[in-house]
Structure formats: C-alpha cells, structure tokens
Amino acid sequence: MNCLQFENALPDYLEGARTAEQQAHVESCSVCSSLLADLNLISSQAFSLRELEEPSPRVWNSLEIQLRQEGLIRQPLRRPTLHSLIFGWRMAWLVPAAAALVIVAGIKLYQPAGVGDNQPVAKQVAPPVTPAQPATSAEDRDIMKSVASRPPAQVAAYRNDLEQANAFIRDAQEAVRNNPNDVFSQQMLINAYEQKQMIFRLAVDQSDDGQ
Amino acid sequence: MTDAKRPHSSKLSEAEAIERAKQGDAEAFEFLYNLHKRRVYSLCLRMTGNVASAEDLTQEAFLQLFRKIGTFRGESAFSTWLHRMAVNVVLMQLRKKGLPVVPIEETTEGEEEGTVRKEPGAPDERLAGSIDRLQIQRAVDELPPGYRTIFVLHDVQGYEHNEIAELVGCSIGNSKSQLHKARIKLRELLRINRTEKAGRR
C-alpha cells in the first residue's frame, strides 16, 4: 500500500473501517501517521466549538415579545428575574411608570383623521414612545453609585442586569411603536420599567443594610 | 447524535418546563431557551459566520419550535428536535442567499496527487498538541461554506452522515468525502496560520 492509496481510504478509515494493510502502513509511514494524527486532533478539537458563544439579551427579549403577541405565552405578566421582593413604589419611579401609562393611554385614544374629514380631529396624538422619564443614564449612575463600594463581581452583576433591563426597555418601546394597540406590548413596557425599578430598589436596600 | 450535557436545575426540569410551556408559562419558555441557547447560537454562528444573522436565526429557530411545542410528545429528545429545527432554519437561509450548502462532488482530476507527498527525509510537521480552540475557530470560519456546513454538522454538532445526507440533500458518500476534504483544508489553514505566526516572531 502506498500513501495515495492510504489517503483515499482515509474517510472510511476514520469512521472505523480499517484493514490490516492500512494499519500496517500507518505504523510504518511517518507522513501518513502524521496526517492521521492531525485529522484526529482537528476532529476532537471541533467539539469544543459546540457551545462557545452566547447570544445577546436582545434575542430573548425579542423572542418573548413575539411569543406574547402570538398568544403562546398566556399567563399574567410577571418578571421575577430578581429576588421576589414586594416593594413600594419610590416616588422617583412613579414618574417613568406614569409616563408609560400616559403614553399607552395616549396611543389607545389616538383617532387618526378620516379621508375627507374637514373637522380638526380632537385627537390625542401619542407622544414619542421615548417617554419623558428621568434620563436612563442618570438612573443608571445612581444605581452604580449605590453599589460602587461592593465587591467587583457584584458591581459587574449589577452592570449586567442594568444592560439587560435597558435592552428590555428598548425592545418593549419598539414593540409598542410597532403595535400601539397591542395589550401585551403595552404591558411589556410597564413590566420593563418594573424590572429596572427592582434593580434600583435592590441596590438601595442593600446599601441601607450596609450602613 | 449525542446530546450535549445539560445542567440540572433544582427549580425546574426540562420535562416539567415543556409541559408548563404548553400551558403558556413564560418562565418555562425562558428556561428552555436558556438551556439550549448556546448550542443553537453557536451552530448558527459557525455556519453563517455572521453575528447578526446568527442571532436572527437563533430567534427564528426557537420561535418555530415554540410554536409547535404543543405537538411535542417526547418520543425523541427535545434537544434533538430543537437542533434539527435550527439546522433547517440555517440551511434554508443559506439556500435563500444562494450560498452553497454542500460542495458538488468533484471529479478526481487534480486529486490524484493526494495530500500526502512522500518526501524522504522531510521533517514531520505535526499539528498534534499545537492548536487551541481559538485557532480552530478561526480556521473553521475561513472554510468555504459547503465544507463548513458538513464539518460543523459532523465534527462540531455530532450529526451522523446519514442524518447530514438527509438534512442537506446529498448522498452519505458525498457527506463523508466532503468532511474529509474539509478536515484536510483545515489542516492546511492551521499550518499556514502557524507558519505566519512563527514568521512574525
């Protein structure tokens, strides 16, 4: 057996179909044994690529919105992603939550003008879905300031939770923009702010405990 | 095809999550998503080479699966069902874009020389022990799309040749020969990369 014959037989050889002649050739030929070793190494290392990366939070957020819109998720909306604590609303959070409700109400009451309608329609034009809540970055800064003295791993966890919460808010806002009459999207937006509020409350409560 | 090892949750098992998802439970859907997202996403990313496409296809694969979860009866592993769905979603996308899913079986012209050149006294340039995960990841990303599909399905994801043949629409023999060519090509790429790296030092 020569090297070309061995290489032609390699696909089946690697699947386990081996002859004594092929085996003898591998043992006596350094070039073919080197090739075989390399191919086995490549194949074994490939398995390490199986679960290498993780998709961004955007994927789940968009998927969840779609599932709710299609009615595949049917239970009342809750997002117990953090510890299940029952918080009273901090005054600061009544503003963005109220803003979200105003936006939702405004969108629901919006009546577009009909064709040929000469009367100015007494409509409530929906304000931009980017609501007049306190700037997200300012709230984020407050949260990160509250946890600044914690261990680095906790600080990183809060930062990660904030990023996910902000991504959730952005996705929910887009869902409301695209489907202003959809109840699930509206509820999702309120839920998204609730999640952010829970992070704030957790950060502040634990800061108070530490004093 | 073997299933990937799955983490055990003290709160929910996969079987419980599937039953609850059938009832519309949001937490159950999220549990199933988190359980399988890495493998599905890695599959999509390896086969498309593009992060945005991979995320869109991941979302689409889960969406198609969750739409049908009411019909899942447990005859096969849930993960098998999901990954098969993901592969089909990716292959459909590749076909839509006109990208080759699998190379056409080539004639033997030019292949008669083979890869192995017998050079008496030539140094033995094994890769063995000298490649890491990042190197092989980069080399896979450089493979032509058809070779990459077969390699990812077989060596990365663990599909058997008969399954690959059914998925991509080729013969079992074609699947085996293309896999072999993909590995040979990877070997070349890894050697080139290693030589380039050595030259920069």
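Two residues count as in contact here if their C-beta atoms, placed from the backbone, lie within 7 Å. With that in hand, welcome to a quick tour of this predicted model. In chain B, 68% of the contacts with a separation of 6 or more are between residues 24 or more positions apart. Chain B has eight helices and zero strands, and it meets chain A through 43 of its residues, which touch 40 residues of chain A.

**Chain B overall**
- Read from the N terminus, the elements of chain B go α-α-α-α-α-α-α-α.
- Of the 201 residues in chain B, 35% are buried.

**Where the chains meet**
- The interface brings together 40 residues of chain A and 43 residues of chain B.
- On the chain A side, helix 1 (3-14), helix 3 (30-46) and helix 4 (57-69) each contribute at least two residues.
- Helix 3 of chain A gives the most to this side, with 13 residues.
- Sorted by class, the side of chain A that touches chain B holds 22 nonpolar, nine polar and nine charged residues.

**Helix 2 and helix 4 of chain B**
- Helix 2 (residues 26-48) and helix 4 (residues 78-96) of chain B pack at an angle of about 25 degrees, and their axes are 10 Å apart.
- Angles under 35 degrees count as roughly parallel, so helix 2 of chain B is roughly parallel to helix 4 of chain B.
- Their crossing is right-handed.
- From helix 2 of chain B, the contact draws on B:His36, B:Arg39, B:Val40, B:Leu43, B:Cys44, B:Met47 and B:Thr48.
- Helix 4 of chain B answers with B:Ser79, B:Leu82, B:His83, B:Ala86, B:Val87 and B:Val90.
- By class, this contact between helix 2 and helix 4 of chain B comprises eight nonpolar, four polar and one charged residues.

**Helix 6 of chain B**
- Helix 6 (residues 145-156) of chain B is mostly covered, with eleven of its twelve residues buried.
- Its buried residues are B:Gly146, B:Tyr147, B:Arg148, B:Thr149, B:Ile150, B:Phe151, B:Val152, B:Leu153, B:His154, B:Asp155 and B:Val156.
- After helix 6 of chain B comes B:Gly158, which has a positive phi, near 85 degrees.

Definitions and conventions:
Residues are numbered from 1 along each chain as its sequence is written. Chains are lettered from A and ligands numbered from 1 in the order in which they are written. This is a predicted model: local features need pLDDT of at least 70, side-chain atom pairs count only at pLDDT 80 or more; totals for chains, interfaces and linings use all residues. Helices (H or I, at least four residues) and strands (E, at least two) are DSSP runs, numbered from the N terminus. Ala, Val, Leu, Ile, Met, Phe, Trp, Tyr, Cys and Pro count as nonpolar, Asp, Glu, Lys and Arg as charged, and the others, Gly among them, as polar. Axes are lines fitted to C-alpha atoms, for helices over the stretch in contact, and angles run from 0 to 180 degrees between N-to-C directions. Angles under 35 degrees count as roughly parallel, over 145 as roughly antiparallel, 65 to 115 as roughly perpendicular and the rest as oblique. A crossing is left-handed if the near helix is turned anticlockwise from the far one by less than a right angle, and right-handed if clockwise. A residue is buried if 20 or more other C-beta atoms lie within 10 Å of its own, exposed if 12 or fewer, and partly exposed in between; C-beta atoms are placed from the backbone.
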